Structure formats: structure tokens, C-alpha cells
Amino acid sequence: MDFSYRGRAMAPTSDPSAAADDRGSDLLTSFDRYARLVQQLLGVPVALVTVVERDRQVFRGQLGLPEPWASRGETPLTHSFCQYVVADQAPLVIADARDDERLRDNLAIEDLGVVAYAGHPIVDHTGTTVGSLCAIDQVPRRWTAHELERLADLAGACSAELAHRGLSLLARDAWTVANERDRQSRVLLSLSHRLSETRTLADVASAVERVAREQWGCPHAAMWLRTTADDPQSDPSGAGTRHLLLAAEEVVGWRQAHDHPRLAVTSETPVGAAYRSGDPQYLDTRTDQWSDQVGGDRVFVPLRHSGVVHGVLVLDWESARPLGQDVADTVTAMSLYTAQAVAQARLLDERAQAATTLQEAMLTPLPDVAGLDLAARYRPAAVRDQVGGDWYDAVTLPSGGTALVIGDVVGHDIGAAATMGALRTTLRTLAWTAARQRPATVVEQFETVVTDLVPGAMCSLVYAHALPAPRGGDGCLEVHWSSAGHPAPLVLHPDGTTTWHDDAHGAMIGIGVGRNRPRGEASLTLTPGSTLLLFTDGLIERRRETLDAGLARLAEAVARHATADLDALIEAVLDDVLPPTPEDDVAVIAARCRPA
């Protein structure tokens, strides 16, 4: 929309404000997951989500807090480090509170066992610092830059959820006061509901367009956003931004928007005026670029969240519409909702990128094994927030064999990726130290460790020992394995036929069923040229399809590429079997007996 216009700024309106009070236990318990992520990612015994009030601090989320404070859910400010995060509106990082002049007499040291403390501010929907997401250790600790970066990322996500809840309460209160008679309140309530279910920019764009059309009679709505390359930390106002890009072009149904996917940010355009001034702009004339829609109105409203201008939301009506104070207020509130959702979607995408990077970094190169070809692949899901828990591994054992592992942690986020890393390392260690133990015994030991040291973690896996077959026989490799709730291994024979081996199947790790029960074990012999394929369920499971259909599709693809070398086989099978946009991540590891 790089065009001249005759327009005017809409009357500035104040941000609706209302206290985000405690309405139901879900507000208290939902923030426990942020405490859990802090505890897992920073390795601390205590993690808290606190909101500081005039004479107390309230725990919105908590893990590891001693009694009676955990049950009370609050402490007086005499026991609060978080009050200083709120007062300073800045992170507080302390290696040993007993040596800090401001904190050494705080009763949290003695009563709560707080020694090392790292707290990052969390803000509400008005941008006000209201509390802290904090990590606590009971011994002195030097916090690393990487740990503090993780804490800051999680605090941003926590703030986004807190802000969204505050805005949702505002919309709900407006609905109650107006007794469902105010159309603008219905718009905000519907938008709040739909945005609460969004995770990506495409979700946000689709939600905004649908609500504008269905609830407000506005057939066209789209967002033009600054690129992720524009650093919001160094340029929060967006003053250095020269262009905005149409967000989620693939889901936007507005044809004129598709004709202008890249807009210049200049003060001579309504987009630029809204973006630079921070005030909504109203356009009541049409130009040649939009000549197929005559006599309508268009509003350009900046998307600002936590001091960062993310872009501009454009609402387009086909007919003239009176833009009074009620509409101006609704547009302003709508922009706040949308900006918060945009910020959260971008944060989730950054976290998903971190999860993918973390997971791929943990998938180490495969070892060289005499007489055995090994190949493996990991492919992330197309939907970034579904990345997290799949892994493969191969370990050369001191006993002379090779341990092969395929596993899948329950969950699809950075927490699942972190748990995967912990479980993978644990199993590698057990594989080495218990090299002469049966695979079933190793799985039993692994389940004991996981249950005791990583409570709440659940995973499926196949753990196998591949050993050279005794001389004089037809085989070249003996494989013994134990399965914990995982898809069965598939064997590709030299003649191109395939065989499933679904015995030795037991319960998943972490569900409490298999612990203290003997694990099953099975074995098979691979002949020269045979291939063993282990994989995660993302390779075979599809919505609205039976598991048997997925297994048959995989077996057919493997047989179809039977003559390919091992790396080419896996690549071809993945290309054949996976949809263009996989819904789940996939890990595969294959072992082939090298012909003599």
C-alpha cells in the first residue's frame, strides 16, 4: 500500500484496564509448567512464578518450595527477593544472598533456604512489571549467561500468557456489563477466544480475519509485520524498519493484500503513519490500487506489545462505516490482543527453533563398526511447536557388540527436547556400564533411573544389542532387543521381502505399569545383506488412518528401495512415506549386515 491518501488519525483511546484477579484454580496451576521448565532447563531445586502485591508475594506457579509455604501459596515481603525485581524492573541475579548487603537479612534465606537466586521480570497486559520468574538454589551458584538467556525466554512466554489472561478478563467483564448487547464486546470476546488457541503467525492471521468478518462485518483483515531480522531489542519502536511484510500470506483471503505483500514504511502512507506514530489511521477514500472497492473505510492500527512495534493491522470495510469512540476503543483493544498473540507466536517459534537446535545437537555421529553399515536420520515436524522428543543412538560396547536405540519422549516442545537429552545420555551411560547385561535388564535399570531421577518423564523405545553371529552359521549378526511401548522393528531381507518383529513388547517407560516387572526380550539373526530398521511413530501414524495402513505403507516403501545403499534407502523411504508437511518429528536408524 505504497500510496498517497487523505486520512486522519483516530482519536487516541486509553488501554482498557482491569485487575487480572483469581478466577478459578486454572490461573494458579497453569503457571506451574513455567516453573517446571525453569527447574528442568536450569537444574535448580526450586522455581517460582510470583506476583508481588503491596504486602505479600503470591506464587502463581511453584515447584520445590518447602512447607508450609508451598501450601500457603504466598509469603510476606519479609521473605521476598522478587520484590526487588519488581522495584528495579530488571533481572536480579545473586550467587550467594548471604553476601549481598540488600538481601543478607531477608528471612527467605533461613525459612525458605534461598541462597542463589536468578529472577527475571514478568509483565501484565498493561506492560507493568508485576512479578518474577525465578530460579532458586540452596547453595551458592554462579549463573551462566546461557542459563540467564533461557530464564529470560521463559519469562517472556510467561508474561505473554499473563497478559493474555488479563486481556481475556477485560473482554469477559465488558460482555457481562453490556449483557451481551454490545457488538464490539462480542468482537473482542470472540477474538480473545480464538487467539487463545493460536500458536503460529498463520493461526493469528486466520483468527483475526475470521473474527473481523463473522463478528464485525469487516470482510478483509490482514497484518503487515516487521521481519525477524529487525532486532526489537535495539530498535523497539521500529524506527529503523523500512519495509513491512504481509504475515501468513498463505492463509490471507484478501486479494488486494496479496498484490502488496511488501509495503514501504514512509510517513506519506497510512501504514507508515500508523507504524511510526503509534496512532491508528482512518482512510475514507480509495485509490487506483483499490479501485474495485469504492466508498468503503479502512483502518490502519499499529501492533504494539511490551514496547515493541511489531507491525500494522489493516481492517477494510466495503461500505462506509461510522467510526465513533466505541469503534475506536474496539480497534485499539483488538490491536492489543493481536499484538500480544503475534509476540507469543514469534516467541514460540524461537523456542521451537531452540528445541530443534538442541535436539539435532544431541544426535551424535554414528560409530564405525566392522562388518556393519549404519545410517540414521532425524526430520523435524513441519509445525515447529511439534518438535521435541524423538532420538536415535548407536554405541560401540566394550563387550564387542553395538547398542542400537530408537526412542520417543512424550511431549512436543523445548521441555521434551531437554528431557530427551537427559534420557538419551542416561541410556548411553547404562549401555556402556552394563554392556554384558541383557537388553531387557538394561531397560529395567533405565526405567528405575528415569522414574526416580526424572519424575514425570515418559517415553517409548527399542533397545537392542547387535553382536557378531557365531562362526559356522548362515547369519552374520545376532540382534537381541527389548521394546517399551514402541513400534516394532522391521527387517528387510536380501531378496526384497520384509518381516515385522513385534514380540518383546512392553509398557512405555514412566507410566508406572512396567516398573518392578521383568521386561521381555526377543532375538533374530540377520543374514548378509539384511537390514534392521528402527523408527519412531511419526513415520507411520496419520490422522484418520489405521496403524496397520501406516505399517503397510512403510513396508512397501522399504521393499521398493531394497537395492539402494543404506543412506539412499532411508532418504527414499522418508520421501515416499512422509507427507509434504509432517505433523510429527521422525527419527530412523538402520543397520545392515555387510556381505562378506
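Tutor: A residue is called buried under 20% relative accessible area, exposed over 50%, and partly exposed in between, using a 1.4 Å probe and protein chains only. The model is predicted, so local features need pLDDT of at least 70 and side-chain atom pairs count only at pLDDT 80 or more, while totals for chains, interfaces and linings use all residues. Residues are numbered from 1 along each chain as its sequence is written, and side-chain values use heavy atoms, with hydrogens and water left out.

Student: Is C218 buried or exposed?

Tutor: The limit for buried is under 20% relative accessible area. C218 has 0% relative accessibility, so C218 counts as buried.

Student: Which cysteines form the disulfide?

Tutor: A disulfide is a pair of cysteine sulfur atoms within 2.5 Å. The structure holds one disulfide. Its sulfur atoms lie 2.4 Å apart, and they belong to C476 and C593.

Student: How many residues apart in sequence are the parts that this pair ties together?

Tutor: Helices (H or I, at least four residues) and strands (E, at least two) are DSSP runs, numbered from the N terminus. C476 lies in the loop between β17 (459–468) and β18 (477–484), whereas C593 is in strand β24 (residues 586–593). The pair therefore ties together parts whose separation in sequence is 117 residues.

Student: Why are the buried residues of α2 on the same side?

Tutor: In helix α2 (residues 32–42), the buried residues are Y34, A35, L37, V38, L41 and L42. The arc is taken from the directions from the helix axis to the C-beta atoms. These residues lie on the same side of α2 because they cover an arc of only 160 degrees.
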